Amino acid sequence: MKQFQYLRAASQQEALTAIAKPGTKIIAGGTNLVDLMKRGVTAPDKLVDITHLPLKGIVATKTGLHIGALALNSVVSENSLVVQKQPLLAMALKAGASPQLRNMATVGGNMMQCTRCTYFYDTTMPCNKREPGTGCGAMEGYNRMHAIFGASDHCIAVHPSDMCVGLAALDAVVIVTGKKGERRIPMTEFHRLPGDHPETDNTLAPGELILGVEIPDNHFAKNSYYLKVRDRQSYAFALVSVAAALEISGGTIKQARLAMGGVAHKPWRLFEAEKALVGKAATEENFKHAAEIATQGAKAYEYNAFKLRLAPASIAEALKHAAGMA
Amino acid sequence: MENENANFGPEHEMDPKDNSRRTFLKQSALITTVALTPGIAAKAADMHIDEKIAEAFEKVPLKMEVNGKAHSLMVEPRSTLLDILREQLDLTGTKKGCDYGQCGACTVHVDGHRVNSCLTLGVMVNGKKVTTIEGLAKGDVLHPMQEAFLKHDGFQCGYCTPGQIMSAVACIREGHANSEPEIREYMSGNICRCGAYPNIVNAIQEVKGGGFVV
């Protein structure tokens, strides 16, 4: 690992001043950044440790739930307010990583983590995300884990987070601050598609700091489920995952939220499928129909064509669980 | 050491004058050139003396308690807790498996919570309490989890065992050892290449069922 300078930020202002300089990166849990630095994928000149900033709180507000950027993944997943009000988020968090890693990883860091595309990590391979213009190793390579939605000719990597899939389904809003003050970014717009600039994972501007995330109150607590399909039962990244949240009244779906992980460069909201569910009866047939709509337009590569069948099957299965029919 | 500490100013600001390694190397190279004859200067460069001076200069203070003992160290910011435990404190019970957070062999407790020490920068543990496998036993009396691993043959080669035991203790403390499926899920961050999983689960169930204070 390349040597770097270390600054323990004592205040938000000190952190903002420090990260304004190029070559500077923020460190919190470090579970992805230290990994990337060891492999030489990234080599910052300076690390700003923000773990001493007071951004760990989990608070119920008038309109929802506010979770601080430095709240640990393990703490959030066990927090009584989260479990009671937003069980989908707790489920998504528990599906991610391992208990040790969840004890280190923060909410903000989880959002900022990089793809686990093996071509991104292998510095001997071409990768437009790591080194723009070098090409995509995955496109013609072993692309079993890769995207079926929203990919570009430059990058077919997927975002690895489970937490963000849950947050995207729950209409969460990311609160960030920077030189120009605070701004709010919907979770569905926080991460971006690769397009011509796969080196840019998200819409956080240089020098901005994540303060926390807000989940608006909803009526999904009774009928929500996070399904993660992976190569082993635990401690593996998703082949596909589905966050499903329903508001059901008298057997009729009043509201629906669906998002997928492991299929795109960002948490993939299934807006059309959601619309197709509203006003319908909560039946297996309707779930299957919505799943078909959700996966229209999906595009596979040589080794991930199985996702074209796995994705709709997983959506229907997650909806069954959410509706209490599994 | 005290002089070096003084160079870093207040505790939270390790490098107030933005003294980069490059600047320091340039300065020290200049001093070397002026002070020494060309032959000696070349020899000094061969021996990487500049590098060694710079390394010492770039170290930052780290105070932590390990297994009940206070340590005051100087470490490079890039040193992981795992490397500091093994290389500087000679606590080699904590194992380096993958070194990338994928195997759990390096699991230790920081302020009572299990973490992967291979992905933890030592400098970020400043002021905290670390417990390693060496800190579980009380003198010659093994911790109940260590006894249970022996009794149930919870290992074959033994390389993952320190991490398994640290994780197993945490698993019970966290309240996630109530059934076999739950134990398997909450022990999933520790990989055992020999496949001793059934015996590891048995060991944890015995400690949990025996009502031992872990």
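**Contacts and spaces between chains A and B**

Author: The contact joins 35 residues of chain A to 41 residues of chain B. This is a predicted model: local features need pLDDT of at least 70, side-chain atom pairs count only at pLDDT 80 or more, and totals for chains, interfaces and linings use all residues. Residues are numbered from 1 along each chain as its sequence is written, chains are lettered from A and ligands numbered from 1 in the order written, and side-chain values use heavy atoms, without hydrogens and water.

Reader: What makes a residue part of the contact?

Author: Contact means heavy atoms within 4.5 Å. Chain A gives 35 residues on that rule, and chain B gives 41.

Reader: How do you know what area is buried between chain A and chain B?

Author: Buried area is the accessible area (1.4 Å probe) that two parts lose on being put together, summed over both. Here that comes to about 3,200 Å², with 51% from carbon and sulfur atoms. A:Gln3, A:Arg8 and A:Gln100 supply 22% of what chain A buries against chain B, more than any other three residues.

Reader: Why is the pair A:Lys38 and B:Asp99 called a salt bridge?

Author: The rule asks for a side-chain nitrogen of Lys or Arg within 4 Å of a carboxyl oxygen of Asp or Glu. A:Lys38 and B:Asp99 meet at 2.8 Å, N to O. The pair therefore qualifies.

Reader: Which classes make up the side of chain A that touches chain B?

Author: That side has 13 nonpolar, 11 polar and 11 charged residues. Ala, Val, Leu, Ile, Met, Phe, Trp, Tyr, Cys and Pro count as nonpolar, Asp, Glu, Lys and Arg as charged, and the others, Gly among them, as polar.

Reader: What makes a space a cavity, and what makes it a pocket?

Author: On a 1 Å grid over the protein atoms alone, a cavity is a set of points where a 1.4 Å probe fits but cannot get out. A pocket is an open set with protein on both sides within 12 Å along at least five of seven lines. Lining residues have an atom within 4 Å of a point. Points are joined across faces, edges and corners, and a volume is the space filled by probe spheres set on them.

Reader: Which residues lie nearest the centre of the second largest pocket?

Author: A:Leu72, A:Asn103, A:Met104, B:His113 and B:Val115, out of 30 lining residues. The volume of this pocket is about 720 Å³.
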